[in-house]
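Hi,

I am handing over the structure we talked about, and I hope you enjoy looking through it.

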Amino acid sequence: MSTNRNPLQTHIQPTTSAITPANRWDHFLARLGVNRMRHRVTPGLYALGNPTPDSPVFVAANYTLSFDALRSALAGVDGYIMVLDTRGINVWCAAGEGTFGTDELVQRIEKTALHDVVSHRVLILPQLGAPGVAAHEVKERSGFRVEYGPVRAADLSEYLKARRATPEMRRVRFTLRDRAVLVLVEVVHALLPMSIVAVVMLFLSNLLASAAVVAATLAGVVLFPIMLPWLPTRDFSSKGFILGGAVALPFALAAFLRSPDAAWWLRAGQALTYLLPLPPLTAFLALNFTGSTTFTSRSGVRREIFTYIPIMAWSFGIGIVLAIVLSLIRVVGG
Amino acid sequence: MVRAYELNTLQYDPALCTGCGMCATVCPHAVFALNGHVAQLVYPAACMECGACQKNCPTGAIAVDSGVGCATAMIIAALSGKKEGTCGCS
């Protein structure tokens, strides 16, 4: 760091491109969903390396994963990072909610006296911040021109060479790796309710029913994200029904085969107590995964909800009623 | 089979376009491309209604019903009959 600091610049905090073990631990906890709202960076202006008034200014969200992805991608670059107050939310979600937005950006420029820190009037923003920021409005209100950088921070060094993003850099992807990273938090969210239901089923019914609940849930939160592009049909709910059906099938078969002396309709009924309520459970979890993807539209998700939720509810409800009726028959008959 | 994602709310009026190219820059799904001096809708079906193009269009040539496409929030809204809240992510 330079020692002859302009008094105006004392509010600028130093940062580096290094990711420490403590940072990695924080990232891991964030991925797990532990203290989701507490992975925050103090909003303000940061100096990376030894920036001069001509150095570029990068804008970031105050979520540690966002900030760290940016600063680590800028290894060897001298520049400023302006962190907006997005309440600990990532760029994309914050832009959707407007906290990574025009107003916050313009106010942060004023609060950090950016006009006095740099001599140029250009800001580099992540492309995924665009849903919250009107570039022409920022220019009008602050004098700064917004330049949208690539979607991924990892492409920044390539971008900076020509200050141009290739079409490839402008596209969001949803790779196997991207989806696999999300599995962790999906499992964490499902773990408690799944365990409670599994234990209850163990007492109310049997081990097979308990295991089936676990299988249908894990199908929804683990298999579904992983297998998403390869499952047939387009809609998430129908994909979920197909996957859930495939997972429920062996349990239904086991239920059918476990009492070979019973009447055929009783055995078929037992099988249906797996085939009716389990696939909608998987499908419901699949539908919820739309919120984590990079391509589902809001009107599409709404159409899915109105089309498939009634089917899920009926299938699930009839399955539960059937299970209760069959166990009553068994109690009366036995 | 219902295909929930074939339609979306994206609307574009080329008559208002000045060819600045911002829509093509901000779209994460390459829905727009600059064709000569105006933007063109080249892949409207890929639109995820994020609203980046509308927000960054200086002449108001683009309209899209954007918002947080969070199923959980929308299901709660559909069941309770209330207005859709923001995503549970915050």
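First, some ground rules. This is a predicted model, in which local features need pLDDT of at least 70 and side-chain atom pairs count only at pLDDT 80 or more, while totals for chains, interfaces and linings use all residues. Residues are numbered from 1 along each chain as its sequence is written, and chains are lettered from A and ligands numbered from 1 in the order in which they are written.

Chain A has 14 helices and six strands, taken as DSSP runs numbered from the N terminus (helices H or I, at least four residues; strands E, at least two). Its C-alpha atoms fill a box of roughly 90 × 35 × 30 Å along the principal axes. Of the 334 residues in chain A, 41% are buried, meaning that 20 or more other C-beta atoms, placed from the backbone, lie within 10 Å of the residue's own. Helix α2 of chain A (residues 64–73) is mostly covered, with seven of its 10 residues buried; among them are A:F67, A:L70 and A:R71.

Now the interface: 38 residues of chain B are in contact with 40 residues of chain A, where contact puts the C-beta atoms, placed from the backbone, within 7 Å. On the chain B side, α1 (22–26), α2 (52–56) and α3 (71–80) each give two or more residues. The most come from α3(B), with five residues.

Happy to talk it over!

Best wishes

Terms used:
Contact = placed C-beta atoms within 7 Å. Buried ≥ 20, exposed ≤ 12 C-beta atoms within 10 Å, placed from the backbone.
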